[in-house]
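Hi there,

Here is the structure I promised to pass on. Please have a look at it first, and my notes follow below.

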Amino acid sequence: KIQNEESAIRDERNFLTGKVAENKSDTDLSSPIFSECIDEYIAERNYDNKNTENRVRYELETFIEFFGDVRMSEVDIKKATQFKSYLQKLPRKHRTNSKYKDYDVHTIVEKLDVPQNDRKSVTTINKTIEMLNAFMTYCFRHGHVEKNYFQGLTIKQSIKLKKKENEERDPFSPQDLETIFESSRYLDITLDSSHRDAKPFAHYWVPIIALFTACRANEICSLYHENIQSVKTKNKKTIYYFEINDEESDKKVKTVNSRRRIPIHDSLLDLNFIEFLESLKNFSKQERIFSELSFYRGSYAVNFGKWWNRTALEKRFGIKTERKDFHSFRHSCTDACYENGVDSKFVTQFLGQKHGELSLDRYASDAHVETMYEKCVKKFDYKNSNGLKLNFNKIKISDWSKKMKEIRNRKLKSHKEIF
């Protein structure tokens, strides 16, 4: 009955458009629909990271937004190339972007004339097409389609353009860093916040650690106490360092090179970071340093990132832009290294981009920690808008045990007022 109804509709459409109806059906009704194949594809891939799974599903379902939940036999070269054209007119994060989320995708690409600065980058478009390519390859191998029409559809980029798009985030300016860290406002929204969803220790330390390590948000948010270690130099100096790895089931690193040891900057020690850790062990008895952060969508950093970018950076400090967010700390740290004369081979190792000619065992050795401290970490610092060394005195905590008791009492009082 359904086949007859669809056939009648198709014949009527063909008659109205002047198309001669063929005996063979235009649509193979035995062909699976697009969303069913997405479910099948994702189930078989069995992603370890839920965040990656959600990203893949999000990108694949963008095709459905434009063409509906069509049968796989209806996917052809015309739809594939049209989809590529649509992506080039679509804004970044069109489903959540406040400027565009109330419009359907056809209205966005056909009527709104999205400004170039708001549109998806070529790199992002290519990633979406590559996901469709992998998906259609799977469908071809399982007999759902006769051909993969997304193969070879990515947009060619020059090396210069690729480099430019990889640097989509700007570093924080000296004025930005002064606004953030040289004001008591930083304490107001972190350690002294009375908001019921406050995460005082993570909100206070994660940005500071990022500033002096160039670590990604999840690398910091997922730290365990055992990831803070120390070595003794030949001169009997103690160098503390962060052990960045993926040895726990709830931790991940971007690449193999991201597993690294990062010496702790003297500025972090001056802010009594080691004393904080010792007090925290007595305060919470948790294995993770920032145990107040919950694991969500495969990461401890998702909700933290939203808080930093939307609440702290945009609403409290007023310096959020399309090109400035938490990742700007990584760019700031990179620039600080180069501006202070750190050799590029140490910068790339510091960032976890590559190990150069070092083996992984050598890279993780005590001797290399000392080398990285002397050749890289010890050499860079930050200046404020007046050209003076960035001053953290207004946000420094001299007695962490006392501060933790204050926070606990404040939370207990808040809990009593609620209940």
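**A helix pair and some cysteines**

Helices H2 and H3 cross in a right-handed way (right-handed if the near helix is turned clockwise from the far one by less than a right angle, left-handed if anticlockwise). This is a predicted model, so local features need pLDDT of at least 70 and side-chain atom pairs count only at pLDDT 80 or more, while totals for chains, interfaces and linings use all residues. Residues are numbered from 1 along each chain as its sequence is written, and side-chain values use heavy atoms, leaving out hydrogens and water.

H2 covers residues 34-45 and H3 residues 50-67; their axes come within 10 Å and cross at roughly 165 degrees. That makes the two helices roughly antiparallel (an angle over 145 degrees). On the H2 side, the contact (heavy atoms within 4.5 Å) includes Phe34, Ile38 and Ile42, and on the H3 side Val56, Leu60 and Ile64 are among the residues involved. By class, eight nonpolar, one polar and four charged residues make up this contact (Ala, Val, Leu, Ile, Met, Phe, Trp, Tyr, Cys and Pro count as nonpolar, Asp, Glu, Lys and Arg as charged, the others, Gly among them, as polar).

Now the cysteines. The model holds zero disulfides (a disulfide is a pair of cysteine sulfur atoms within 2.5 Å).

Best wishes

Methods. Axes are lines fitted to C-alpha atoms, for helices over the stretch in contact, and angles run from 0 to 180 degrees between N-to-C directions. Helices (H or I, at least four residues) and strands (E, at least two) are DSSP runs, numbered from the N terminus. Angles under 35 degrees count as roughly parallel, over 145 as roughly antiparallel, 65 to 115 as roughly perpendicular and the rest as oblique.
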